[in-house]
Amino acid sequence: MLKLIKADLHIHSCLSPCSDWDMSPKKIVQRSVEQQLDLIAICDHNTAENVAATMREGDHQGIVVLPGMEICSREEVHMVTLFKNAEDAMEMQHFIYKHLSGNNQPEVFGHQVIADEHDQVLGENPRLLIGATGLSLMNIVKKTHDLGGISISSHVDRPSYSLIGQLGFIPEDLQLDAVEVSFRMPLEKARIEVPGIEDYPCITSSDAHFLHDIGKVWTEFMLGAPSLEELILALAGKNGRHIVN
Amino acid sequence: MLVKDLVERFELEVAGGQNGLDREVTEGYCGDLLSEVMGNAPAGCVWMTVQGHQNIVAVAVLREMAAIVVSGGQNPDAETIQKADKEGIPILKWPDSSFRLAGQLFSAGVGIPEAG
């Protein structure tokens, strides 16, 4: 039986340098439950080291957490990538780390905290996670698909780090699964005002960096269950699965 | 000045769009945000950018540019070169920054009306 699933598919944890210290796996899940979300995704910049802990906490509190990453391409375009399980996300992370150079300067960019589901700090990631990878967009989308994941172009309505801002328009041969509109613009308005997105499935996500931003906006899907497999069907409009609004 | 004159004078590497080397250069432009370049680059310009994505060719066609210089030692993608060949937009490579080439182009009279 199909049901309405309320999803926020772009949330940063305390591992993203620009994110708040309070964005621990445990607190993210707590806040998501309070916001009555059924499905969330953890998408830190160029890393997935906090996804497994958040997924475990999600299991504990009864909410589905998808493992993801917000990858910065060499064109400096941000792309949300989502995977079926933590192993696939870690394989993507391994690929990304091979193409990411530089070391973080916490006093300039912020701390990059690896935490477990009990709010224990396990360490800090030393890499320059805020940087751009050396990978082309095409390459990122291909690798994501090879791993059974999906690629969603981040905040297409924004001037910075967005596909349209950086590259002027959506390249026709880029196999995007969806585009994401930020909280700043209602989906209906974006479909009219952002050039070229009308041909793609459009979702909206909070891109939360602070607890109070989680669930600020969300997308409702009609799904059989809150899972990546069902999400893929909904984005393609198959088997009765679809984006509701 | 023609694109081929620029190539010779500044020892630029021609990576694609050979068939457009006789295009005339009347202006210069620098920018890496394609959404901005699409709206502002002048016709007949040589455009310096670090972006190597294929969309640069479409932007050059749209703005009726003379040529694109991929600067900073960056490499244009394979699809970019294919598109450049098809459209006849020369893609030139420059190992140093856009700033360094822009300075030299300006000294050579590119973008200065009276220098013709």
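In chain A, 69% of the contacts with a separation of 6 or more join residues 24 or more positions apart. The model is predicted. Its chain A contains eight helices and 11 strands. How does the radius of gyration of chain A agree with that of a compact globule? For 245 residues, such a globule would have a radius of gyration near 18 Å; chain A has 16 Å, which agrees. Taken along the principal axes, the box filled by the C-alpha atoms of chain A is roughly 45 × 40 × 30 Å. Of the 245 residues in chain A, 51% are buried.

Next comes one loop of chain A. It lies between strand S7 (150-153) and helix H6 (163-167), and His155(A) is part of it. Tyr161(A) lies in the loop between S7 and H6 as well. Most residues other than glycine have a negative phi. His155(A) is not a glycine, yet its phi is positive, about 25°. Tyr161(A) also has a positive phi, near 55°, and is a residue other than glycine.

Tyr161(A) has 18 within 10 Å, so it is partly exposed.

Now to the interface. Nine residues of chain A are in contact with 10 residues of chain B. On the chain B side, helix H2 (34-40) and helix H3 (55-62) each supply at least two residues. Which element of chain B gives the most? H2(B) does, with three residues. By class, the side of chain B that touches chain A has four nonpolar residues, five polar and one charged.

The last stop is helix H4 of chain B, residues 78-87. Its buried residues are Thr80(B), Lys83(B) and Ala84(B). Where do they sit around the axis? They cover an arc of only 100°, so they are on the same side of H4(B). What do the buried residues of H4(B) pack against? Their partners in chain B are strand S1 (13-16), H3 and strand S5 (91-93). Just after H4(B) comes Gly88(B), with a positive phi of about 70°.

Definitions and conventions:
Residues numbered from 1 in each chain as written. Chains lettered and ligands numbered in written order. Predicted model: local features only at pLDDT ≥ 70, side-chain atom pairs only at ≥ 80, totals over all residues. Helix = DSSP H or I, 4+ residues; strand = E, 2+ residues; numbered from the N terminus. Buried ≥ 20, exposed ≤ 12 C-beta atoms within 10 Å, placed from the backbone. Rg over C-alpha atoms; globule rule 2.2 N^0.38 Å. Contact = placed C-beta atoms within 7 Å. Nonpolar A, V, L, I, M, F, W, Y, C, P; charged D, E, K, R; others polar. Arc of directions from axis to C-beta.
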